[in-house]
Amino acid sequence: MKDAYDIVYVIENYAGGVEAIINLFRPDLANNLVKEGLGKIRNCFESIEHKGPIDYVSFLGIEEQEERELMKQRAYLLVVELLDALAIEKFLDKKQTKSEI
């Protein structure tokens with residue numbers, strides 16, 4: 001749960017914002033381990049109903065349903081903005097094919 005919180009927190013609070021984070025990652029996007037790690041984050045934030053946004057609001061201890069939904073959406077949008085800008089795709093395990101997902 002804390003991993004999702006940390007990811008959203010950094011994106012939200014990094015000096016220079018999302019653009020600065022994008023510029024930090026760009027030189028390393030040729031590294032397969034970097035792409036794999038970011039792809040796994042993409043998997044967790046595939047929708048507001050995926051593990052990332054759900055873990056984020058759970059870590060925050062938000063219980064009121066309307067607030068949970070708003071915060072899940074906010075977390076999802078922040079992460080997807082970064083990953084889209086970096087053109088990060090979902091991580092596919094070597095045992096999976098795109099048709100299985």
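Arg42 is a residue of helix H3, which spans residues 32-44. In this predicted model, Arg42 has a relative accessible area of 13% and is therefore classed as buried, since the term applies under 20%. Beyond its neighbours within four places in sequence, Arg42 is in contact with Val80, Leu83, Asp84, Ile88, Glu89 and Lys90.

A second salt bridge links the side chains of Lys72 and Glu49, at 3.1 Å from N to O. Lys72 belongs to helix H5, whereas Glu49 sits in the loop between H3 and H4, so this pair ties together parts that are 23 residues apart in sequence. Lys72 is buried, at a relative accessible area of 5%, while Glu49 is partly exposed, at 47%. Through salt bridges with shared partners, Glu49, Glu69 and Lys72 are joined into one network.

Across the whole structure, a search finds eight salt bridges. One of them pairs Arg74 with Glu12, with the closest N and O atoms placed 1.6 Å apart. Arg74 lies in helix H5 (residues 65-85) and Glu12 in helix H1, so the contact ties together parts that are 62 residues apart in sequence. Arg74 is partly exposed at 29% relative accessibility, and Glu12 is likewise partly exposed, with a relative accessible area of 35%.

Helix H1 also packs against helix H4 (residues 51-60), at an angle of about 95° and with the two axes 7 Å apart. H1 and H4 are therefore roughly perpendicular to each other, because angles from 65 to 115 degrees fall in that class. On the H1 side, the meeting residues are Lys2, Ala4, Tyr5 and Val8; on the H4 side, they are Gly52, Asp55, Tyr56, Phe59 and Leu60.

The loop between helix H1 (2-13) and helix H2 (17-25) contains Tyr14. With a relative accessibility of 35%, Tyr14 counts as partly exposed. Together with Tyr9, Val10 and Leu24, Tyr14 forms a nonpolar patch on the surface, and the four residues have about 380 Å² of accessible area together.

Notes:
Residues numbered from 1 in each chain as written. Predicted model: local features only at pLDDT ≥ 70, side-chain atom pairs only at ≥ 80, totals over all residues. Heavy atoms only, no water. Patch = residues over 30% accessible without salt bridge, like charges linked within 9 Å, V, L, I, M, F, W, Y side chains within 5 Å. Areas by Shrake-Rupley, 256 points an atom, 1.4 Å probe, with all protein chains shown as cover. Helix = DSSP H or I, 4+ residues; strand = E, 2+ residues; numbered from the N terminus. Buried < 20%, exposed > 50% of the residue type's maximum accessible area, 1.4 Å probe, protein only. Axes fitted to C-alpha atoms, helices over the stretch in contact; angles between N-to-C directions. Parallel < 35°, antiparallel > 145°, perpendicular 65-115°, else oblique. Contact = heavy atoms within 4.5 Å.
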